[in-house]
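Here are my notes on the model you passed along.

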Amino acid sequence: MDPSEVKIPPMKNLTVGNITENVIRTNSLCKDVRMKFMLERLVTHLHDFASETRLSSDEWMTGLRFLTEVGQITTEVRQEYILLSDVLGLSILVDSIDHPKPPGSTEGTVLGPFHTHDAEEMSAGDSMSHDPKGEPLLVVCTLRDTEGRPVEGVKIDIWETDSSGHYDVQYAGREGPDGRCIMRSGSDGVFWFKAITPVPYPIPHDGPVGRLLKKLHRHPYRPSHMHFMFEKEGYDHLITALYLRNDPYETSDAVFGVKDSLTVDIGKVGPELSKKYDVPEGHALLSYDFVLVSDEETSQLRAYNSKVALDKLGRRVKIVNGLPVPDLD
Ligand SMILES: [Fe+2]
């Protein structure tokens, strides 16, 4: 950009007291009103953080070095930034804000760093796990909308670890996907498949995020769970998981993903289901009724929640492209 064409508002004589205002004024030419709003709030909170903690130069440099290391260890299959966001509770907060759920619908949870885009499409009844040491599990679920109608043809991405608590991507020399699949719901909204009973596992903790947890006297474990992601045009993208009740890490998940409504008991297959799905009686069973929310319901609820939250902070906003920006009119 040609500097002579940019009319940055003149800075005032810089002091500790007006540096925040000066930076915000300098950023104020940004044409994207949403970005301008976010930068204004980001600069304000960053400056407040430094002022309130009386941040030392050494601490500031330690923080920058830490972020550098997070970037250096990150690859296509090692997402340290997602992990950092997860262990700070930011991921679950953003999901709750961006994907609000009306009562009775399925809540979302963290995506985590292990989703891949190469899972194979499988048919009803197929097995997504090839780990002979895992406890075989029958999974039978339904998928409905908020009116209780079955939702057909939803793309459902499912992934879990093997019986040792590792995702396929954590093995060197991975040849293809395992412990993951894509299913489609039938006309009755049902989808079912075979898997293994989930086990607890630690998030990768041999990098900077692991060292941070250690320093904070936190463990890196996640309670036993299976991930689900639902996609169909007209419905809000749902990223969620089911957690096993009474897991040793149920109340101390390293990434804050557990919610009561997503916590389930592993049951046993009775005579009726045994015949229907051709598995032995007493076989482990996971069943759950998922409820999807339409895009329209979600955007209305998101806009309403934004107005209420910002009203409480005394900010007048309007909703543009589904997101709040200052209302200056
Ligand atoms: Fe996971």
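1. Where is Arg 54 found? Arg 54 sits in the loop between H2 and helix H3 (57-73). Helices (H or I, at least four residues) and strands (E, at least two) are DSSP runs here, numbered from the N terminus. Phi of Arg 54 is near 50°, a positive value in a residue other than glycine. Arg 54 counts as exposed, because it has 7 C-beta neighbours inside 10 Å. For that label, a residue is buried with 20 or more other C-beta atoms within 10 Å of its own, exposed with 12 or fewer, and partly exposed in between, with C-beta atoms placed from the backbone.

2. Some ground rules before going on. This is a predicted model, in which local features need pLDDT of at least 70 and side-chain atom pairs count only at pLDDT 80 or more, while totals for chains, interfaces and linings use all residues. Residues are numbered from 1 along each chain as its sequence is written.

3. Now the overall picture. The protein has eight helices and 13 strands, and its C-alpha trace spans about 80 × 45 × 40 Å along the principal axes. Of the 329 residues, 25% are buried. Looking at contacts between residues at least 6 apart in sequence, 66% join residues at least 24 apart. A contact here is a pair of residues whose C-beta atoms, placed from the backbone, lie within 7 Å.

4. Take the helix pair H1 (residues 19-26) and H2 (residues 33-53). They pack at an angle of about 160°, with their axes 10 Å apart. Axes are lines fitted to C-alpha atoms, for helices over the stretch in contact, and angles run from 0 to 180 degrees between N-to-C directions. H1 and H2 are therefore roughly antiparallel to each other. On this scale, angles under 35 degrees are roughly parallel, over 145 roughly antiparallel, 65 to 115 roughly perpendicular, and the rest oblique. On the H1 side the contact is made by Ile 19, Thr 20, Val 23 and Ile 24, and on the H2 side by Glu 40, Val 43, Thr 44 and His 47. Sorted by class, that contact has four nonpolar, three polar and one charged residues. Nonpolar covers Ala, Val, Leu, Ile, Met, Phe, Trp, Tyr, Cys and Pro; charged covers Asp, Glu, Lys and Arg; the others, Gly among them, are polar.

5. Helices H4 (residues 80-87) and H6 (residues 208-215) are another pair to look at. Their axes come within 9 Å and cross at roughly 25°, which makes H4 roughly parallel to H6. H4 puts in Glu 80, Leu 83, Leu 84 and Val 87, and H6 puts in Pro 208, Val 209 and Leu 213. By class, this contact has six nonpolar, no polar and one charged residues.

6. Next, the core. In soluble globular proteins, nonpolar side chains tend to be buried together. A nonpolar core here is a set of buried Ala, Val, Leu, Ile, Met, Phe, Trp, Tyr and Cys residues joined through C-beta atoms within 7 Å. The largest one has 33 residues, of which Leu 143, Ile 156, Ile 158, Ala 195, Phe 230 and Leu 292 touch the most other members. Strands that each supply at least two residues of this core include S1 (136-145), S2 (155-159) and S11 (284-292). S1 gives the most, with five residues. Apart from this core lies another, of eleven residues, among them Ile 92, Val 110, Val 209 and Ala 254.

7. Is Leu 292 buried or exposed? Leu 292, placed in strand S11, is buried, with 25 other C-beta atoms within 10 Å. Leaving aside neighbours within four places in sequence, Leu 292 is in contact with Leu 143, Asp 145, Val 151, Phe 230, Tyr 235 and Leu 238.

8. Finally, the loop between S8 and strand S9 (263-264), where Phe 256 is found. Phe 256 has a positive phi of about 60° although it is not a glycine, and is partly exposed, with 17 other C-beta atoms within 10 Å. Arg 245 is also in the loop between S8 and S9, and is partly exposed with 13 other C-beta atoms within 10 Å. Setting aside neighbours within four places in sequence, Arg 245 is in contact with Glu 250, Thr 263, Val 264 and Asp 265.

Definitions and conventions:
Two residues are in contact if their C-beta atoms, placed from the backbone, lie within 7 Å.
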